[in-house]
Amino acid sequence: MSGVSTVGVIMGSDSDWPTMKAAAEVLAEFEVPYEVEVVSAHRTPVKMIDYGRAAAGRGLKVIIAGAGGAAALPGMVASVTPLPVIGVPVPLKHLDGIDSLLSIVQMPAGVPVATVSIGNARNAGLLAVRILAAADRALLDRMSAYQADLEQLVAEKDAALRASL
Ligand SMILES: Nc1c(C(=O)O)ncn1[C@@H]1O[C@H](COP(=O)(O)O)[C@@H](O)[C@H]1O
């Protein structure tokens, strides 16, 4: 992951990585340069503000931010960067991620954070690719091919299911 990254994947704790790595995997699949870093609004507030303020200037185009529990990170980062931020609610032992989901999705007007479903970091990666693809014809074509593959996969599973009846 050397050179200029296009997507920043950040998370409140290293313990979020088992959930968040799915976002990194998608970015790798689509050959989108990305970086990964632990940044916490609660535990490392100065680092979080520095990261958010510097992100666009460093060449990042999208930030994916995952956090569990009282998930301030996605919204706080969104407040200090003009870049699109995608929040991933990370499910923890208590409350199953509902707390995180509500923390991320209930942003005040003026500071948007795109929110994916609980634990669905793969969709965060795919959404980041779509945002980038809006201004990148080659990436747009790859996203269309991915969608066609998905459709094909469902058709094959449907055929296999009906053949087993
Ligand atoms: N929600 C936040 C923030 C934040 O929003 O700034 N910083 C850490 N955390 C979350 O705390 C949980 C437990 O962290 P530990 O496993 O390190 O105790 C993690 O899911 C993390 O995202």
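**View 1. Strands E3 and E4 side by side in the sheet.** Strand E3 (residues 62–68) and strand E4 pair in the parallel sense, over 6 bridges. Helices (H or I, at least four residues) and strands (E, at least two) are DSSP runs numbered from the N terminus, and two strands pair if DSSP finds at least two bridges between them. Look for Ala 65, which stands opposite Gly 87 in E4. Between these two strands the chain passes through helix H3 (residues 73–79), and this β-α-β crossover from E3 to E4 is right-handed. Right-handed here means that, with the strands pointing away from the viewer, the path from the first strand over the helix to the second runs clockwise. A word on what you are viewing: this is a predicted model, in which local features need pLDDT of at least 70 and side-chain atom pairs count only at pLDDT 80 or more, while totals for chains, interfaces and linings use all residues. Residues are numbered from 1 along each chain as its sequence is written.

View 2. All the residues of strand E4 (residues 85–90), 6 of 6, are buried, so the strand is largely enclosed by the rest of the structure. A residue counts as buried if 20 or more other C-beta atoms lie within 10 Å of its own, as exposed if 12 or fewer do, and as partly exposed in between, with C-beta atoms placed from the backbone. Val 85, Gly 87 and Pro 89 point one way from E4, while Ile 86, Val 88 and Val 90 point the other way. Next comes strand E5 (residues 114–115), which runs parallel to E4 and is joined to it by 2 bridges. Here Ile 86 has Ala 114 of E5 as its bridge partner. The chain gets from E4 to E5 through helix H4 (residues 98–105), in a right-handed β-α-β crossover.

**View 3. Strand E1 between its two neighbours.** Now step back to see the open sheet, whose 5 strands follow the order E2-E1-E3-E4-E5 with parallel pairing. Its edge strands are strand E2 (34–38) and E5, each pairing on one side only. E1 pairs with E2 in the parallel sense over 5 bridges, and with E3 in the parallel sense over 5 bridges. On the E2 side, Val 7 stands opposite Tyr 34, Val 9 has Val 36 as its bridge partner, and Met 11 is partnered by Val 38. On the E3 side, Gly 8 has Ile 63 as its bridge partner. Both faces of E1 are covered, with Val 7, Val 9 and Met 11 buried on one side and Gly 8 and Ile 10 buried on the other.

**View 4. The largest nonpolar core.** This core has 43 residues, and those with the most contacts inside it are Ala 23, Ile 64 and Ala 128. A nonpolar core is a set of buried Ala, Val, Leu, Ile, Met, Phe, Trp, Tyr and Cys residues joined through C-beta atoms within 7 Å. At least two residues come from each of strand E1 (7–11), helix H1 (17–29), helix H2 (45–55), E3, H3, E4, H4 and helix H5 (121–133). H5 gives the most, with 7 residues.

View 5. The ligand is surrounded by 18 residues, the closest being Gly 12, Ser 13, Ser 15, Ala 41 and Gly 68. A residue is near a molecule if its C-beta atom, placed from the backbone, lies within 6 Å of it. The shell divides into 9 nonpolar, 7 polar and 2 charged residues; Ala, Val, Leu, Ile, Met, Phe, Trp, Tyr, Cys and Pro count as nonpolar, Asp, Glu, Lys and Arg as charged, and the others, Gly among them, as polar. UniProt, in an unreviewed entry, lists Ser 13, Asp 16 and Arg 43 under "binding site". These residues span 31 residues in sequence, yet no two of their C-alpha atoms are more than 14.4 Å apart, so they gather at one spot. Ser 13 is found in the loop between E1 and H1, and is partly exposed, with 18 other C-beta atoms within 10 Å.

Terms used: UniProt positions renumbered as here; feature names shortened; annotations may be inferred.
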